[in-house]
Amino acid sequence: MEQKPHAGNLRSGRHSEPGRIYLITTVTQQRIPWFRDLQKARRVVICLREAQQRGLAETLAYVLMPDHLHWLMSLGGVDDLAGVVSGVKSTSAHRAGHRIWQAGFHDHAVRREEGVVKLARYVVANPLRAGLVERLRDYPHWDAVWVGGGEDGSNNLLL
């Protein structure tokens, strides 16, 4: 596998702070759109929920695009950021039966003045900006804590 010349820079200066909100972005190997497959996509979503159930991270919002994940989360106190993200990636890949994820991830420690809800709206609106759907409720792989699901399990955030 070819290494990117600056891939190590993604890890330099990374600091894990329990309770801090982070925006995580991670992509699939060679940007293969694995998550067009509903079963593979749902496995990733289940892994995010399991990380929350175990107290590793509180998911505030996420969107799983065909070839990448944006995850807005608050880091729990049990593990470090790299451990939580690599755990979700390795578990979802194991359940899929093959490598899915590119090594590494990008993280952004969210500052108070950024507006978490505004950032969450930006995250979940990715399918709209990418032209995958005309209405967010038509995209199946997203959620946000500020949104109540409908009776059919769908989200109803109006953007």
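## Helix H1 on the sheet

Helix H1 lies across S2 and S3, and its direction is at about 170 degrees to that of S2. Helices here are DSSP runs of H or I with at least four residues, strands are runs of E with at least two, and both are numbered from the N terminus. Angles run from 0 to 180 degrees between N-to-C directions, using axes fitted to C-alpha atoms (for helices, over the stretch in contact). H2 packs on the sheet too, touching S1, S2, S3 and S4, and makes about 135 degrees with the direction of S3. Contact here means heavy atoms within 4.5 Å.

A word on the numbers: this is a predicted model, where local features need pLDDT of at least 70, side-chain atom pairs count only at pLDDT 80 or more, and totals for chains, interfaces and linings use all residues. Residues are numbered from 1 along each chain as its sequence is written, and side-chain values use heavy atoms, leaving out hydrogens and water.

## A closer look at H1

H1 covers residues 38–53, and at 1.5 Å a residue its 16 residues should span 22 Å, which agrees with end C-alpha atoms 22 Å apart. The expected span is 1.5 Å times one less than the number of residues.

Which residues of H1 are buried? They are Lys-40, Ala-41, Val-44, Val-45, Cys-47, Leu-48 and Ala-51, with buried meaning under 20% relative accessible area (1.4 Å probe, protein chains only). Seen down the axis of H1, the buried residues fall within an arc of 150 degrees, so they line one face of the helix. That arc is taken from the directions from the helix axis to the C-beta atoms. Their cover includes strand S2 (57–65), strand S3 (68–75) and helix H2 (81–96).

After H1 comes Gly-55, with a positive phi near 80 degrees.

## The sheet

The sheet is open, with 5 strands in the order S4-S1-S3-S2-S5 and antiparallel pairing. Strands pair if DSSP finds at least two bridges between them. At the edges sit S4 (106–109) and S5 (142–144), each pairing on one side only. Neighbouring strands are turned by 20 degrees against each other on average, direction ignored.

S1 (residues 21–27) and S3 run antiparallel and are joined by 7 bridges. One of the bridge partners in S3 is Trp-71, which goes with Ile-24.

## A buried loop residue

Val-133 sits in the loop between helix H4 (126–129) and S5. Is Val-133 buried or exposed? Val-133 is buried, at a relative accessible area of 16%. Beyond neighbours within four places in sequence, Val-133 is in contact with Pro-127, Leu-128, Asp-138 and Tyr-139.

Terms used. Buried < 20%, exposed > 50% of the residue type's maximum accessible area, 1.4 Å probe, protein only.
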